[in-house]
Structure formats: C-alpha cells, structure tokens
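This report goes through one protein model part by part. Please keep the sequence and the 3D view at hand while reading.

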Amino acid sequence: MSAAPFFSIVMATHHRPATLARALASLRAQSCADFEILLVADALDAETAAVVARDLGPADSFVKRTGPSGPAASRNQGLALARGEWVVFLDDDDSFEPHHLATLKPHCERPGAQVLFTDVTVVTEDRAQPGIPELGRQAGSFAAADVSTLWVKNFIPLHCLAYRRSLLQGLSFDAHLASQEDWDWLLGVCSRAMPVYVAGGGAVMHKDYVNAGARRGQQEASNNTTVVLDFLHVYRRWPAPTGALKEARAGLLKGVGLALPVEWF
C-alpha cells in the first residue's frame with residue numbers, strides 16, 4: 001500500500017453528476033496534491049459512473065453503498081476508509097478554490113492543531129441551465145465569529161472545517177436526523193476540541209435558489225417542524241457547557257414559540 005496522504009477528502013454523492021464533476025475538478029486543481037478522495041454514492045446512474053471513471057485516480061476510492069439514501073451514512077463509510085492525517089468533507093455540489101488545501105496545511109502541521117475552519121464564498125447559480133451559470137458571488141469572513149455560539153446554532157459550513165483524524169475516533173454522523181446532522185457532528189467534535197479559525201481558505205458553497213430541492217436541505221424532510229425537532233434532539237445530546245449558552249438556546253427556541261426552562265438545556 002502507498003504512503004498515507006496528508007488529507008483525506010470524504011465526499012457523499014447522490015444523482016448529481018454535473019456538480020460532482022465540478023467538485024472533483026476543483027480537487028484536481030489544488031496546488032497541494034497530497035490527498036486522497038473517498039467518494040461514496042447512495043445511488044448510481046450512468047452519468048455519475050462516467051464521472052467517477054474519468055475523474056478519480058489510482059489513489060482514490062469509490063463505494064456504491066447500500067441502505068437508505070442520505071449523506072450521513074455515506075460520510076461515515078467514507079470516513080471509515082480514510083488514511084490521511086487530516087480529514088476534510090466536501091459535498092458533491094460544493095467546491096474548493098485551488099489554494100484551499102495549501103492554505104490549510106501549514107496550520108494543520110502546527111503542534112496541537114486539532115480542528116480548523118476557514119472562510120467561505122457563497123455562489124448562487126441556476127442548475128437547470130446548461131453549464132450552471134453563476135448568478136452572484138459573495139465572500140464571507142468568520143474572523144469575528146465567536147465559536148462558543150456553535151453550542152446554540154451552527155454557522156460553519158461542513159467543507160470549511162478540517163479535522164485531525166485521530167480526534168474523530170468514535171464519532172459519526174447521525175443518519176436518523178432529517179436535518180442538522182452536520183451540526184450534530186460538529187458538536188461531537190467540539191466536545192473534544194473547539195475549532196480554530198484560519199483566515200482565507202478557498203471553500204465555496206454553491207446555492208441554487210431558483211430550482212426547488214436543488215440542495216438536500218431544501219427538501220420536504222427538512223421542513224420547519226422537523227428542524228425544530230432536530231434542534232431539540234441536538235440540544236439534548238450535547239448539553240450547553242455554560243449557563244449563558246443555556247439561556248441563549250432557550251431564547252432561540254422561545255423565538256419560534258417554544259418556551260422551555262433554561263435548566264432543560
């Protein structure tokens with residue numbers, strides 16, 4: 001077996017060959033090439049199979065898994081195969097600018113580094129049009145963000161984060177959640193080490209507000225009632241570490257009409 005790569009890029013895909021090809025192209029364009037790709041599909045069509053055959057290399061892995069669809073189980077399976085010292089997740093409809101991994105790597109190599117997160121650029125697009133034209137672009141910075149508020153509500157997109165793989169032993173994405181599985185996962189990480197900010201980076205989040213259901217979070221399984229229920233589930237699984245954060249949680253839910261005692265959080 002070849003030497004372990006520095007990064008393991010774990011990807012979940014589901015019937016999105018065009019955006020998958022874009023995501024893989026963004027990885028092939030990285031100026032830091034010390035990584036493997038672990039791509040897991042919960043469904044496979046001819047177009048996706050063609051992208052896999054064309055764009056994955058000999059150091060990469062592809063799995064067509066069985067069982068119910070959903071990114072959580074796919075990420076878990078990809079993570080189980082990871083050999084890299086650091087793990088990064090990338091959804092099949094997002095991408096990285098060419099400098100992203102090169103920006104992260106020196107920070108990953110610092111003694112004591114465990115979890116890092118970068119800034120994000122949000123691109124709006126219309127996926128129903130040929131070539132997926134870009135409609136707008138906005139760069140966002142997390143430089144002033146208070147990471148303790150992650151215990152109240154998530155603000156870090158999954159692909160902005162990088163984790164030392166040894167920190168992740170025993171953690172998994174909850175495939176039973178209809179929404180908030182990324183945040184539930186992140187709080188599990190936070191219970192071990194809080195994320196540290198790295199300026200810049202090249203994480204790009206692509207959003208299609210034109211075509212309903214273009215992102216999984218826009219589907220019926222993630223309606224408002226389900227989101228509130230999943231918030232409650234996450235809050236119960238990962239208790240807030242301070243009284244102020246408990247109060248912030250109570251205040252957030254009170255704002256949607258759910259009054260619960262602060263002690264509950």
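## Strand pairing and strand S4

Two strands pair if DSSP finds at least two bridges between them. The model discussed here is predicted. In it, Val87 has Tyr163 of strand S9 as its bridge partner. Strand S9 covers residues 161–164, and two bridges join S4 to S9 in the antiparallel sense.

Strand S4 also pairs with strand S1 (residues 7–13), this time in the parallel sense and through four bridges. Within this pairing, Val10 stands opposite Phe89 of S4.

## The nonpolar core

The largest nonpolar core has 70 residues. Those that touch the most other members are Phe7, Ile9, Met11, Leu27, Tyr163, Trp185 and Val189. Helix H5, which spans residues 181–190, gives the most to this core, namely six residues.

## Helices H5 and H6

Two packed helices are described by the angle between their axes and the distance between the axes. For H5 and helix H6 (residues 224–237), the angle is about 10° and the axes are 10 Å apart. Angles under 35 degrees count as roughly parallel, so H5 is roughly parallel to H6.

On the H5 side, the contact is made by Trp183, Asp184 and Leu187. On the H6 side, Phe231, Val234, Tyr235 and Arg237 take part. Sorted by class, the contact has five nonpolar residues, two charged residues and no polar ones.

## A four-stranded open sheet

Four strands form an open sheet with mixed pairing, in the order S5-S11-S7-S8. Which strands are at the edges? They are strand S5 (95–96) and strand S8 (134–140), each of which pairs on one side only.

Strand S7 (residues 120–125) and strand S11 (residues 203–207) pair over five bridges in the parallel sense. Val120 has Ala203 of S11 as its bridge partner.

Terms used. Residues numbered from 1 in each chain as written. Predicted model: local features only at pLDDT ≥ 70, side-chain atom pairs only at ≥ 80, totals over all residues. Heavy atoms only, no water. Core = buried A, V, L, I, M, F, W, Y, C linked by side-chain atoms within 4.5 Å. Buried < 20%, exposed > 50% of the residue type's maximum accessible area, 1.4 Å probe, protein only. Axes fitted to C-alpha atoms, helices over the stretch in contact; angles between N-to-C directions. Parallel < 35°, antiparallel > 145°, perpendicular 65-115°, else oblique. Contact = heavy atoms within 4.5 Å. Nonpolar A, V, L, I, M, F, W, Y, C, P; charged D, E, K, R; others polar.
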